[in-house]
Amino acid sequence: MLQTIKDVWEYRSMIQSLVNRDLRGRYKASVLGFLWTFIVPLCQLLVYTVVFSIILKSNIERYYLFLFVALIPWNFLSSCLTAGASCIIQQQSLVNKIYFPREVIPVSFVTAAFVNMLYCEIVVFIVSLFSGVHYTPLTLLCLFLVMIIEYVFALGITLIVCALDVYFRDLEHILGILSMAWMFMTPIMYDISVVPEQLLPVFLLNPMASIMQAYRDIMYSGAVPHINTLGAAVLMGIVFMIVGLLVFGKLKRRFSEVM
Amino acid sequence: MASTKTEKPPVVIDVQNVKKKFRVYSDKGATLKERALFRKRRAHSDHWVLKGISFQIRKGEAVGLVGENGCGKSTTLKLLTKILYPDSGTITMKGRISSLIELGAGFHPDMTGRENIYTNASIFGLSKAEIDKRLEGIIAFSELGSYIDNPVRTYSSGMYMRLAFAVAINVDADILLIDEILAVGDASYQAKCLNKLREIKRQGTTIVIVSHALGQIEQFCERSIWIESGEIREQGSPFDVHQKYLRYLNDRENHLLSDSADEESSTEDRSSGDDQGKGGSDSRGSKESGETADDGMRWGSKDMYFTSIHIENREGTTTTVLESGQPFKIVMNYKVDRPCEEPAFGIGIIRNDGLQCYGTNTVIENIPLQAESLGDSGTVVVDITNNTLIEGEYDLDVAIHKPDGFAYDYYRACLRFTVFSVIKDAGVMRLEHEWHIAEE
């Protein structure tokens, strides 16, 4: 596994250019171009604000921020889960013809999605400042840490699903459903406090629950996340990453035969 | 052992008893429903593409892999590239590997040529700094000039391939793997690519080429490995190996032919023995194979036809290998089924790249032939007193036809022969010449 990580590191310029190609190629032909990266989350925010302050009044204050803080990181994970699943198949012409560490493709995909999330997070950050959230160096450090954890976790998941998807194409569709169910199982639209107490331990098995909680602590409440929340997230992130690398390492050997 | 072979460069590619199988599904279900419902249908059989091959390649060597389609040569190359993994056996490669298998990998149509150089080169494992260093060379080699800053989608396919090749060739790999790519752009650009490859080779890069263009391999490689049904059949100097390979192909082709159209025009007759062809083949097969032009290689009315064709060297032995500057004979036996008016015999010699080197016939040369004088059967000998063909591979065409071109029996590429030469001169044919150098 160390060798794999070393190989991937040697191909970092490939990762960089694939990420670049993805981010810049995405809006290349459009008039507003890169601005779309910011326009989409802003419009999303606008819609949520209108809906939840006029139509579906929530008793959570500043609900738009409450939701938005969790929704952006969720969108990142969800895109890794659904679009990320097909990332190897999308690049099959490369995989079938050229050698490079196969891990480069999911790493590039997740990194591009992550960078995209970072841009959205800039919007979230500014909005939260306007809503009166205070940041301290410690909470900023925690925010950074949480993002890294989510990245590692998302990468682990993507490694697993994209490798499986090569052998079993139905996975993409199954994951679409799964991702929706997972979203409702995670405290994104609601607060974790509404979860019945006896279900809570099960609920916390969901790695995204602790990650979401941490985001919300920092960017909504302006507080330092509880050490248990962070610890659980770190542990989950590392476990999924290792499992992901192992599964991918096993499955990658026959990619080019199956595709 | 090391002490006795100190001059030999180190082994950089070491393939030991590599086997590879593919699963052939009779009906592959890739979806859940198919997998769940039709478990039985998913029966598969194993197809061993490689049945245990071993070879070693030393630093700086250029090696060609030849063989028929499906023999496993491309699979071997893919194993070397690490796109596929062997089922058993080991492959050890030392140094940076670059492959000219897929050109233009990862090109994004909306990005400029320059941007795509970065993407493409990084896929070959080059770092940003390394690409920066090569950028000018790549752009120069691509001959794209100011187009380099236009989006790739505006390129013609020729420009696209030139850019792609320019990147791949400038990677500076230690080992270069090439799969049938020397068909880039126009003839002059191809020559440029070949020159570049030679230069790379001179710099000590190890090169492995898979190609059907045997001539290219001969020009380029010191060694050829002939793979047949997943095993190494022969390896050695390209010249010798290709000779055997071509003979094998030829024999087998004729075998197939004779299976369907019997032994009437079998090469076995011509190549293995000169005499049995003459008397051996009776007339019975001539009609059926005659009117249906067998495979596009032989056609005509078959009122008169060849029963055997062979080449003799100066000693009178039947061969397909000739030496430049020596006499040889083309011996053709014919048979007449029905009297033909104004028959003429012709020969043509075509180089393996399709260039016609020489052609003549009895009409052009005003040699009168009367149908009566030909009898029922006979022999035509073209006695070539001096073989002025230069080194290479050639196909022999023979024909019996009317002066207006109507063919009684036209046999395209009936024989392939090889000419070797001590003098490595170039061109189409050798002009008879002498050098006179005198000091004033």
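Let's start with a word you will hear a lot: pLDDT is the predictor's confidence in each residue, on a scale from 0 to 100. We need it here, as this is a predicted model, where local features need pLDDT of at least 70, side-chain atom pairs count only at pLDDT 80 or more, and totals for chains, interfaces and linings use all residues. Residues are numbered from 1 along each chain as its sequence is written, chains are lettered from A and ligands numbered from 1 in the order in which they are written, and side-chain values use heavy atoms, leaving out hydrogens and water.

So how confident is the predictor about chain A? The average pLDDT there is 86, and 99% of the residues score at least 70. Within chain A, helix H8 (residues 137–167) has the highest confidence, at 91, while helix H10 (residues 200–204) has the lowest, at a mean of 78. Helices here are DSSP runs of H or I with at least four residues, strands are E runs of at least two, and both are numbered from the N terminus.

Now, please look at chain B and the largest pocket. Its volume is about 850 Å³. Of the 28 residues that line the pocket, Gly215(B), Gln216(B), Glu218(B), Gln219(B) and Asn352(B) lie nearest its centre. A pocket, on a 1 Å grid over the protein atoms alone with a 1.4 Å probe, is an open set of points with protein on both sides within 12 Å along at least five of seven lines, and lining residues have an atom within 4 Å of a point. Helix H7 (214–220), helix H8 (238–261) and strand E17 (392–401) of chain B each give at least two residues to this lining.

Next, salt bridges, each a side-chain nitrogen of Lys or Arg within 4 Å of a carboxyl oxygen of Asp or Glu. The whole structure has 20 of them over all chains. In one, Asp303(B) pairs with Arg338(B), at 2.8 Å from N to O. Asp303(B) sits in the loop between strands E10 (298–299) and E11 (304–312) of chain B, and Arg338(B) in the loop between strands E13 (328–336) and E14 (344–351), so the pair ties together parts 35 residues apart in sequence.

Are these two partners buried or exposed? Asp303(B) is buried, at 14% relative accessibility, and Arg338(B) is partly exposed, at 43%. Buried means under 20% relative accessible area, exposed over 50%, and partly exposed in between, using a 1.4 Å probe and protein chains only.

One more pair: Lys424(B) and Glu391(B) meet at 2.9 Å, N to O. Lys424(B) is exposed, at 61%.

Technical notes
Points joined across faces, edges and corners; volume = space filled by probe spheres on them.
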